[in-house]
Amino acid sequence: MKNYVWVLALSMSLPLFNATAQEAPVAEEPVGYQFTDTKFLPTTPIKNQAQSGTCWSFAGTALLENELLRMGKPEYDLSEMWIVRHCYLDKIERFVRYHATCELAGGGGVVDVPYVAANYGLVPESVYMGLNYGYDKHNHNELDIVMRSFGEAIARSKKPTTAWRAAAMGIIDAYLGEAPETFVYEGKEYTPETFAASLGLNMDDYVCISSFTHHPFYTQFAVEVPDNWLHGMSYNVPLDELQQIVDEAIDGGYSVLWAADVSEKGFNRKAGFMVCPAEIKADDMSEGEWLNWSKMTDREREEARYKLDKPGAELDVTQELRQIAYDNYETTDDHGMLLVGKAVDQIGNKYYKVKNSWSTANGFDGYYYASVPYFRYKTICVVVNKNAISKDLRNKMGIK
């Protein structure tokens with residue numbers, strides 16, 4: 001009975017009808033980031049590297065697959081683990097010869113896929129899936145530990161035997177599977193070399209480009225990151241020209257392999273975008289906003305800057321700012337992806353559309369959006385078909 005009286009009293013305290021009463025304000029939903037594609041190149045389906053540090057192989061093979069589409073050829077699904085296999089065997093060779101003073105891990109560089117294709121050929125995914133350890137998705141946690149431990153044992157022995165190379169191959173065979181000498185694909189027999197040749201791709205067409213001031217512009221240098229175990233050379237150009245090369249490549253129908261840092265606070269893995277919010281300054285605030293801002297701790301100000309609930313102003317990324325971030329280890333070589341288009345957000349900020357290798361469950365069905373400032377700030381290097389570069393820039397870079 002008490003409950004009934006309370007409900008009745010509450011209801012009687014409200015007007016039964018009031019023509020002039022205003023509805024209670026509805027809280028606005030967060031604006032969020034909304035993207036509109038302005039260019040989207042033909043591309044093969046999103047894949048999943050799962051628990052393996054092989055983004056570089058997925059991005060590199062995706063580049064070649066897209067190149068085949070651009071050339072008007074059928075859709076191919078190339079084997080990423082074929083690339084990983086040969087890189088691991090070549091890495092451990094160098095690791096032993098360098099007495100364990102170089103890199104030996106699952107990571108790799110942007111030039112690794114063209115390197116393997118030129119030296120060992122290519123195979124379709126159906127021929128070499130690299131899942132020889134009882135899982136239906138890639139998981140290299142054990143493989144990476146075993147290879148590193150084995151390499152260290154050999155490199156630190158007083159006198160390596162003649163058997164260690166065969167033993168290293170045995171490890172790779174056990175986890176990824178034995179390499180086929182020949183195989184049949186769509187009714188025709190190939191070797192890895194003849195299959196690669198049949199695709200009509202010229203690995204000499206793919207060039208690596210970067211932009212740092214600790215080396216002269218328009219020269220080549222090996223980007224100093226641990227995963228560049230091949231010491232692959234990059235052409236060094238000013239930052240504006242690096243962006244120009246990427247813009248013109250995408251506009252011309254060429255995908256671009258992108259090595260970048262994804263450890264930034266502006267990288268939102270779940271929401272699928274990468275931005276570099278501008279620093280909040282007093283000149284951009286009202287008096288009341290500045291009063292509240294001045295009372296915040298440094299941590300609260302950082303959280304406000306990276307709230308990322310809607311698009312806003314981004315950093316003006318200069319060559320100097322980019323270099324500082326690389327020199328102080330703020331920018332690191334974290335991830336390989338593929339640039340496959342362009343987009344804008346709802347206030348007109350420009351982005352690159354990014355094909356990732358984290359399955360379709362992440363981002364926008366597997367795709368991400370990287371703002372132009374983020375690209376300028378956090379790019380390590382890119383790989384692109386040299387024919388996508390304007391003649392004037394090729395001449396300045398010394399590319400034939």
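User: How much space lies in the largest pocket?
Analyst: The model is a predicted one. About 460 Å³ lies in the largest pocket.

User: What makes a residue part of the lining of a pocket?
Analyst: A lining residue has an atom within 4 Å of a grid point of the pocket. For the largest pocket, 18 residues line the space. I280, A304, R305, G312 and A313 lie nearest its centre.

User: How does the lining of the largest pocket divide by class?
Analyst: There are 10 nonpolar, one polar and seven charged residues. Gly counts as polar in this scheme.

User: What makes a space a cavity rather than a pocket?
Analyst: In a cavity a 1.4 Å probe fits but cannot get out, while a pocket is open. The structure holds one cavity of 30 Å³ or more. The largest cavity has a volume of about 90 Å³. Its lining has 14 residues, and F58, A62, K355, N356 and S357 are the closest to its centre.

User: Which elements give two or more residues to the lining of the largest cavity?
Analyst: They are α2 and β10. The most comes from α2, with five residues. By class, the lining of the largest cavity holds seven nonpolar, four polar and three charged residues.

User: Why is A100 called buried?
Analyst: The cut-off for buried is under 20% relative accessible area. A100 has 13% relative accessibility, so A100 counts as buried. A100 sits in the loop between α3 (80-97) and α4 (112-120).

User: Is Y329 buried or exposed, and how do you know?
Analyst: Exposed means over 50%. Y329 has 71% relative accessibility, so Y329 counts as exposed. Y329 is in the loop between α11 (319-327) and β10 (335-345). Y329 is not a glycine, yet its phi is positive, about 70 degrees.

User: Which residues of helix α7 are buried?
Analyst: Helix α7 covers residues 192-199, and its buried residues are P192, F195, A196 and L199.

User: How do you know that they are on the same side of α7?
Analyst: They cover an arc of only 100 degrees around the axis, and therefore they lie on the same side of α7.

User: What do the buried residues of α7 pack against?
Analyst: Their partners are α2 (55-70), α3, α4, β2 (183-185) and β3 (188-190). Contact here means heavy atoms within 4.5 Å.

User: What follows α7?
Analyst: G200 does, and its phi is positive, near 80 degrees.

User: Now the chain as a whole. How many helices and strands does the chain have?
Analyst: The chain has 13 helices and 13 strands. Its C-alpha atoms fill a box of roughly 90 × 60 × 50 Å along the principal axes.

User: What share of the 400 residues counts as buried?
Analyst: Of the 400 residues, 50% count as buried. The chain exposes about 20,700 Å². Carbon and sulfur atoms supply 52% of that area.

User: Among contacts with a separation of 6 or more, what share comes from residues 24 or more positions apart?
Analyst: Such residues account for 77% of those contacts.

Key: Residues are numbered from 1 along each chain as its sequence is written. This is a predicted model: local features need pLDDT of at least 70, side-chain atom pairs count only at pLDDT 80 or more; totals for chains, interfaces and linings use all residues. Side-chain values use heavy atoms; hydrogens and water are left out. On a 1 Å grid over the protein atoms alone, a cavity is a set of points where a 1.4 Å probe fits but cannot get out, and a pocket is an open set with protein on both sides within 12 Å along at least five of seven lines; lining residues have an atom within 4 Å of a point. Grid points are joined across faces, edges and corners, and a volume is the space filled by probe spheres set on the points. Helices (H or I, at least four residues) and strands (E, at least two) are DSSP runs, numbered from the N terminus. Buried means under 20% relative accessible area, exposed over 50%, partly exposed in between (1.4 Å probe, protein chains only). Accessible areas come from the Shrake-Rupley method with a 1.4 Å probe; for residues, only the protein chains shown count as cover. The arc is that of the directions from the helix axis to the C-beta atoms.
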